[in-house]
Amino acid sequence: MPDLNMGEYGAYVWPAWGVSALVMAALVWSVLSKARKAKRALDQAEGRDPS
Amino acid sequence: MFGLANPQRFMSATRRLPAVLGVAAGLLLAAGVWLGFTAPEDYQQGDTVRIMFVHVPASWLSLAVYAAMGGASFFALVFRHPLADAAARAAAPIGAAFTALALITGSLWGRPMWGTWWEWDARLTSVLVLFLFYLGYMALRASIDDEQKAGRAAAVLALAGLINLPIVKFSVDWWNTLHQPASVFRADGPAMTADILTPLLVMGVAYTVFFAALWVTAIRAEVNQRRANALALRAAGGA
């Protein structure tokens, strides 16, 4: 089973994992929203209905 | 391979790739998290060794992404290839994020192990310089309106920054630093036991696949955006 008790080091281990998860989630959100925006722009430029 | 350098062929060949890579990255990350928290604590570092499972892959990717950006910039500059320029541009923010993660998680590991959040030693400073190269690349691209000129200027900066990669890698051998020397990729094998090495390698592969999924998606977005801009410009010119 996972050992989640970090003892005296919890103040360093959890923020390290937390910030990694946050930054990676932000990367996914940023790249996907840029991809959606570009697809909408292309659909509009080609005269297709972006919806 | 070179057939993929054609943007249209690239778009059709990579249509399903982001989803496949994304699922693979999710599964690998889940396995890495499980292995990372079931691994035994280190006899010297205690539970702080678990920071290694997020710090070291982020550090590997900070270098690998810059190398990819530099390689793409070379092709963009020498062969004026638009897909290579799109690839370099798409890699920059992802590489900057991994480098920021390497710096932040390294600082969180350094405090309990070295007794300090930051030290101006060769490894830490050269990684900070790497981060500044990423920021400089993005700032330069954003500051020039002409897309082609911006791409060329940024490519020159990216190529100049390649010199920093061996400095980061070998800084722990060339200078006395607080940072430990390489402990995985060594001539005489990894300096850690399998129960620590396995989660580290799984996380390393997971971060790499995660980057690949994001990079392909970002390149595809860049190609779509450029095509949309070109069509809009043509429509405005014809109006």
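**A walk from the A/B interface into the core**

Start where the two chains meet: 33 residues of chain B are in contact with 26 residues of chain A. Keep in mind as you click around that this is a predicted model.

Stay on chain B and colour the elements that give two or more residues to the side touching chain A: α2 (17–38), α3 (52–79), α4 (82–114) and α8 (194–238). Which of them gives the most to that side? Pick α8(B), which puts in 12 residues. Now colour that side of chain B by class, and you'll get 20 nonpolar, eight polar and five charged residues.

Next, go for the largest nonpolar core, which has 77 residues. Helix α1 (10–45) of chain A supplies at least two of its residues, and so does each of α2, α3, α4, α5 (122–143), α6 (147–161) and α8 of chain B. Here again α8(B) gives the most, this time with 18 residues.

Zoom in on A91(B) and F210(B), the residues with the most contacts inside this core. Select A91(B) and show what it touches: leaving out residues up to four places away in sequence, you'll find V65(B), A68(B), M69(B), A72(B) and W215(B).

For the last stop, select G189(B), in the loop between α7 (164–174) and α8 of chain B. Is G189(B) buried or exposed? It counts as exposed, because it has 9 C-beta neighbours inside 10 Å, and the cut-off for exposed is 12 or fewer. Finally, draw a distance from G189(B) to W60(B): the two sit 129 residues apart in sequence and 17 Å apart in space, C-alpha to C-alpha.

Definitions and conventions:
Residues numbered from 1 in each chain as written. Chains lettered and ligands numbered in written order. Predicted model: local features only at pLDDT ≥ 70, side-chain atom pairs only at ≥ 80, totals over all residues. Contact = placed C-beta atoms within 7 Å. Helix = DSSP H or I, 4+ residues; strand = E, 2+ residues; numbered from the N terminus. Nonpolar A, V, L, I, M, F, W, Y, C, P; charged D, E, K, R; others polar. Buried ≥ 20, exposed ≤ 12 C-beta atoms within 10 Å, placed from the backbone. Core = buried A, V, L, I, M, F, W, Y, C linked by C-beta atoms within 7 Å.
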